[in-house]
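This briefing covers the domains, the ligand surroundings and some local features of one protein model. Please look at the sequence and structure first.

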Amino acid sequence: MGELSKLLIPGPVPIDPQVMEELVKPAAPHYGEEWVRRYRETLDMLRRLFQMKASDVYPLAGPGHAGMDAIAFTLLRRGDRVVTIDNGFFGARISEVMRAHHLKVDAVSSNWGEPPDVEDVERAMRRGARCLVVVHNETSTGMKNPVRELAKVAWDHGAWTFVDAVSSLGGLPLPCDAWGIEACFAASQKCIAAPPGIAPIAISKRLMDEADPKTAQGWYLNLFTWNRLREEWAEWHPQPTTISTNVFYAFHRALQVLHEEGLEARIRRHEIIGRAYREGLRGLGFTMFSKEEYSSNTVSSARPPKGLDAKELIARLNGDHGIVIAGTLGPMRGQGIRIGHLGTQATPEYVELMLTALAGYARSVGVMGTQDAIDRAMQIAAKAR
Ligand SMILES: Cc1ncc(COP(=O)(O)O)c(C=O)c1O
């Protein structure tokens, strides 16, 4: 990997040199033969990544939120009832976005870091929801929601499931077809490990066929516009607008890198590194914010041992070691740290760098056995080599 960039926030992540190469190439046109070839390859790679065979996929230019807006503009209508799962910063954000779309929102809340009570979800669904909207991997707490079980509940109530997979797609198992997920979006800067700027979306053919294009909202974020122009301008310019070719080609390359590694191998790498971090952090006296069974393999969020202030720790890691991590959000602001292990960050080298730096501070407040903790974590992490 050469000189390690020490950006260990939960995305954006350090960019692989092969991907970076695309960013610094001279500008190229966002249409024409070469563009169409790579555009189509991108759609193919996305379909495999979402594991949604009969689907429309879109490499929307914009942040992850643009993906969320686009699905709502395309498939939901003012006054529709939706159930949201509100157990973290991004879950709360979903409720806010759905309200901004003039939808009737039934938010099912649970403690941050804990999954919702299925009976509460069923009760909310019985009020006639058209869909259930849920964050797969809650980046704010490092917990994963049981989307498979929730999608089944939605299906049993005649509704469809809309998943925010921003910090999980390409890092955690998410076989959309097998789990009954019919609308899903992510963001390029997380497990896909491309620069920010593309929000990939997948929607099942069934949902697109059932939605009425005449009542869909907007133009750019209305995916029926994308479908129409994909047909009309197919051979030359299959997307509605200009897209930064450098960012798009970097995204295309990052998807190739992902599929060269293999989706299963990549998910396994995240699983091993997630476990290694949790083992190491606990051994250094940190308390994880979510229980082991719901723990995310892409983000670790933890409270430091007694005597270490989270904000100060984040500043010192940066000042002393040049390592950049994030703090906790919302009601947990200032209480903990968040470490990203998404895509390029999920390596044994980063685990060692991070835990070794943290061990110094842990020792200074009396935590014992820090070297043993690092050794145990590295034994796990080594399996990812
Ligand atoms: C789970 C989740 N959803 C949504 C977003 C928003 O993504 P963006 O900032 O690309 O719009 C983030 C960003 O970290 C996220 O982690």
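Which domains does the domain assignment of the protein give? The assignment gives domain 1 (18–261) and domain 2 (263–384), with bounds that come from an automatic or database domain assignment. This is a predicted model, in which local features need pLDDT of at least 70 and side-chain atom pairs count only at pLDDT 80 or more, while totals for chains, interfaces and linings use all residues. Residues are numbered from 1 along each chain as its sequence is written, and side-chain values use heavy atoms, with hydrogens and water left out.

**Interface of the two domains**

- The C-alpha centres of domain 1 and domain 2 are 29 Å apart.
- In domain 1, 27 residues are in contact with 24 residues of domain 2, where contact means heavy atoms within 4.5 Å.
- About 2200 Å² is buried between domain 1 and domain 2, and carbon and sulfur atoms give 61% of this area. Buried area is the accessible area (1.4 Å probe) that two parts lose on being put together, summed over both.
- The count of residue pairs in polar contact between domain 1 and domain 2 is 11, with both residues at pLDDT 80 or more. A polar contact is a pair of N or O atoms within 3.5 Å; within protein, one must be able to donate a hydrogen and the other to accept it, and residues adjacent in sequence count only if both atoms are side-chain atoms.
- On the side of domain 1 that touches domain 2, at least two residues each come from helix 2 (33–50), helix 4 (89–100), strand 6 (143–144) and helix 10 (245–261). Helices (H or I, at least four residues) and strands (E, at least two) are DSSP runs, numbered from the N terminus.
- Helix 10 gives the most to this side of domain 1, with 3 residues.
- The residues on this side of domain 1 comprise 13 nonpolar, 10 polar and 4 charged. Ala, Val, Leu, Ile, Met, Phe, Trp, Tyr, Cys and Pro count as nonpolar, Asp, Glu, Lys and Arg as charged, and the others, Gly among them, as polar.

**Salt bridges**

- The whole structure holds 29 salt bridges, each a side-chain nitrogen of Lys or Arg within 4 Å of a carboxyl oxygen of Asp or Glu.
- Arginine 81 and aspartate 106 form a salt bridge through their side chains (2.9 Å, N to O). Arginine 81 is in strand 2 (residues 81–86) and aspartate 106 in strand 3 (residues 104–109), so the pair ties together parts that are 25 residues apart in sequence.
- Across the interface of domain 1 and domain 2, the rule finds 2 salt bridges.
- A salt bridge also joins the side chains of glutamate 261 and arginine 269 (2.7 Å, N to O).

**Ligand surroundings**

- Residues around the ligand include Pro63, His65, Phe90, Asn137, Thr139, Asp164, Gln189 and Lys190, where a residue is near a molecule if one of its heavy atoms lies within 4 Å of it.
- Threonine 139 has a polar side-chain atom 2.5 Å from an oxygen atom of the ligand.
- For lysine 190, a polar side-chain atom is 2.7 Å from an oxygen atom of the ligand.
- In glutamine 189, a side-chain N or O atom is 2.9 Å from an oxygen atom of the ligand.

**Local features**

- Tyrosine 294 is in the loop between strand 10 (287–288) and strand 11 (299–303).
- Leaving aside neighbours within four places in sequence, tyrosine 294 is in contact with Gly113, Pro115, Gly142, Met143 and Lys144.
- The peptide bond from glycine 11 to proline 12 is cis, with omega near 0°.
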